[in-house]
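This briefing summarises the fold, the nonpolar cores and the salt bridges of one protein model. The sequence and structure are shown first, followed by the points grouped by topic.

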Amino acid sequence: MRRSRLLTAVFALAVGVMVPFGANPGAAQPQPRAHVYLLRGLLSIFSLGMDSLAEELKGRDVYATVHSYSDWQTLADQAAADYKAGKEAPILIGHSLGADAVMEMAAYLGRKGVPVALVVPFDCTKSFAASDNVARVLNLTHGGTPAYMRGGPGFRGTLANVDVSSDPSIDHINIDKSPRLHARVIAEVLAVVGNHKAAPAKKGNGANVGTARPTTLPEQRGSRQNADNPAPPPHKPQAGTQPLHTEEIPN
């Protein structure tokens, strides 16, 4: 009996040393912070809208960094390490070749077992299939480069192709700088991050960009065309892929 009490006292002392005073061993661990990676396109000089969008996100207490599209694999390796260490969770945004890169980066992270909450390509140069580790794809595309996305094998997230070809003020070079597209992207990021502490920015008409929602068009089977560009033959999605969902953002 005496030996048993002595062992119990020693064990209690050891636990007291390992667990700091006042700590709760059963307390939930802090959640990793969101890290928004913004990737510029060719030569990193035609995608400065990524820089201004990063500053807007930082103004809403969202951690955001800007990089060249050519660095996507190095960034993905670091993002995977940070996620597995419980430090950060990636959100990916890019323009032009940077948009292509974030789709590639998302798929690469999927092969490393890393989920991606949100991917936003601004006018990819080609179409991609969303990988199954992605929860949400917001594809912003212009009629001049109609890069529509589809859900790839195993994709169970949500996917929206937002075609802005009806807006004559937007083209491939400046789509990344559009204030209304920035407003939509910020709202999407904040919905993921859950950071609604800062007062939402106001649009010109006084509406909150964080609550403004796009008008949803009927599902389409191909690229949305303008009056000068006749519609192509209907396109059938590949077997096992998610159908296209097209939206417009109000002017």
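Helices (H or I, at least four residues) and strands (E, at least two) are DSSP runs, numbered from the N terminus. This is a predicted model in which local features need pLDDT of at least 70 and side-chain atom pairs count only at pLDDT 80 or more, while totals for chains, interfaces and linings use all residues. Residues are numbered from 1 along each chain as its sequence is written, and side-chain values use heavy atoms, with hydrogens and water left out. The protein has 5 helices and 10 strands.

**Overall features**

- Of the 251 residues in the protein, 43% are buried, where buried means under 20% relative accessible area, exposed over 50% and partly exposed in between (1.4 Å probe, protein chains only).
- Contact means heavy atoms within 4.5 Å; among contacts between residues at least 6 apart in sequence, 64% join residues at least 24 apart.
- The protein exposes about 13500 Å², of which carbon and sulfur atoms supply 58%; accessible areas come from the Shrake-Rupley method with a 1.4 Å probe, and for residues only the protein chains shown count as cover.

**Nonpolar cores and surface patch**

- A nonpolar core is a set of buried Ala, Val, Leu, Ile, Met, Phe, Trp, Tyr and Cys residues joined through side-chain atoms within 4.5 Å.
- The largest such core has 28 residues, and those with the most contacts inside it are Leu92, Met105, Leu109 and Val119.
- Two or more residues of this core come from each of strand S1 (33-40), helix H3 (72-84) and helix H4 (97-111), with H4 giving the most, 8 residues.
- Leaving aside its neighbours within four places in sequence, Met105 is in contact with Tyr37, Trp72, Leu75, Ala76 and Leu92.
- Apart from this core lies another, of 26 residues, among them Leu38, Leu53, Leu140 and Val189.
- On the surface, Leu42, Leu43, Ile45, Phe46 and Ile173 form a nonpolar patch with about 490 Å² of accessible area together. Patches are made of residues with over 30% relative accessible area and no salt bridge, like charges being joined within 9 Å and nonpolar side chains (Val, Leu, Ile, Met, Phe, Trp, Tyr) within 5 Å.
- Ile45 is placed in the loop between S1 and helix H2 (49-58).

**Helix H4**

- The 15 residues of H4 reach 21 Å from first C-alpha to last, close to the 21 Å expected at 1.5 Å a residue; the expected span is 1.5 Å times one less than the number of residues.
- Buried residues of H4 include Gly98, Asp100, Met105 and Leu109.
- The buried residues of H4 pack against S1, H3, strand S3 (88-95), strand S4 (119-122) and strand S5 (129-130).

**Salt bridges**

- A salt bridge is a side-chain nitrogen of Lys or Arg within 4 Å of a carboxyl oxygen of Asp or Glu; a search of the whole structure finds 8.
- Arg33 forms a salt bridge with Glu88, their closest N and O atoms being 2.9 Å apart. Because Arg33 lies in strand S1 and Glu88 in strand S3, the pair ties together parts that are 55 residues apart in sequence.
- Arg33 is partly exposed at 43% relative accessible area, whereas Glu88 is buried at 8%.
- Arg180 forms a salt bridge with Asp167, with the closest N and O atoms 2.6 Å apart. Arg180 is buried at 18% relative accessibility, and Asp167 is buried at 12%.
- Arg136, Arg184 and Glu188 are linked in a network of salt bridges.
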